[in-house]
Amino acid sequence: MEAKRWSSFILLVLAVLGIWGGNRADAILSAAQCKVERRVGLNACKPVIYGKNPSPACCERVRVSHVECVCPVVTPKLAALVDLNRAIRLIEGCGRRVPRHYKCGSITTP
């Protein structure tokens, strides 16, 4: 159960971090491609769950992630596991500005 909670935390961080990835002309990804993208992102950002700052590889995944792959998996239960203010600080650590009032899944940024 603990592992599921941590992977959920990483998914939410990726979702919040990845909200700027939707401004691309790329084709819509398939469900299988989205699943792979989420898995790769989880692996790249795993140290974040242990209190570490995002690595360059994690920040790169954040920059190339497709919002349409990550946001649909953000449920209220998942959102309850995460400190949104910490997630925003992590985003800013990756050099991204957080849009105000952006809705991703079940969460809205302050």
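Cys94 is buried, with a relative accessible area of 9%. Buried means under 20% relative accessible area, exposed means over 50%, and partly exposed lies in between, using a 1.4 Å probe and protein chains only. The model is predicted, so local features need pLDDT of at least 70, side-chain atom pairs count only at pLDDT 80 or more, and totals for chains, interfaces and linings use all residues. Residues are numbered from 1 along each chain as its sequence is written, and side-chain values use heavy atoms, with hydrogens and water left out.

How far can the model be trusted? Start with pLDDT, the predictor's confidence in each residue, from 0 to 100. The protein averages 77, and 75% of the residues score at least 70. Confidence is highest in helix α2, at 92. It is lowest in helix α1 (residues 2-17), at a mean of 60. Over residues 19-25 the pLDDT is below 50. Beyond near neighbours in sequence, that stretch has 17 contacts in the model; a contact means heavy atoms within 4.5 Å. The helix names follow DSSP runs, numbered from the N terminus: helices are H or I runs of at least four residues, and strands are E runs of at least two.

Now return to the cysteines. A disulfide is a covalent bond between the sulfur atoms of two cysteines. Here the cut-off is a pair of cysteine sulfur atoms within 2.5 Å. A search of the whole structure finds three disulfides.

Take Cys94 and its partner. Cys59 and Cys94 form a disulfide, with their sulfur atoms 1.9 Å apart. The torsion about the S-S bond is about -75°, so this disulfide is left-handed. Cys59 lies in helix α3, while Cys94 sits in the loop between α6 (84-93) and β1 (103-104), so the pair ties together parts that are 35 residues apart in sequence. Cys59 counts as buried, because its relative accessibility is 7%.

Next comes the pair Cys34 and Cys69. Their sulfur atoms are 2.0 Å apart. The S-S torsion is about -60°, so this disulfide is left-handed. Cys34 belongs to helix α2 (residues 31-45) and Cys69 to helix α4 (residues 67-70), distant parts of the chain, 35 residues apart. Both cysteines are buried.

The remaining pair is Cys45 and Cys58, with sulfur atoms 1.9 Å apart. Its S-S torsion is about 100°, so this disulfide is right-handed. Cys45 lies in helix α2 and Cys58 in helix α3 (residues 56-64), 13 residues apart. Cys45 and Cys58 are buried.

Which residues make up the largest nonpolar core? Seven do: Val67, Cys71, Val74, Leu78, Ala79, Cys104 and Ile107. Another core of five residues lies apart from it, and includes Val48, Cys58, Val62 and Leu90. A nonpolar core is a set of buried Ala, Val, Leu, Ile, Met, Phe, Trp, Tyr and Cys residues joined through side-chain atoms within 4.5 Å.

Finally, look at helix α6. Its buried residues are Ala87, Ile88, Leu90 and Ile91. At the start of α6, a side-chain oxygen of Asp83 reaches to within 3.1 Å of the backbone nitrogen of Asn85. Just after α6, Gly95 takes a positive phi of about 85°.

Methods:
Polar contact = N/O pair within 3.5 Å; in protein donor to acceptor, adjacent residues only side chain to side chain.
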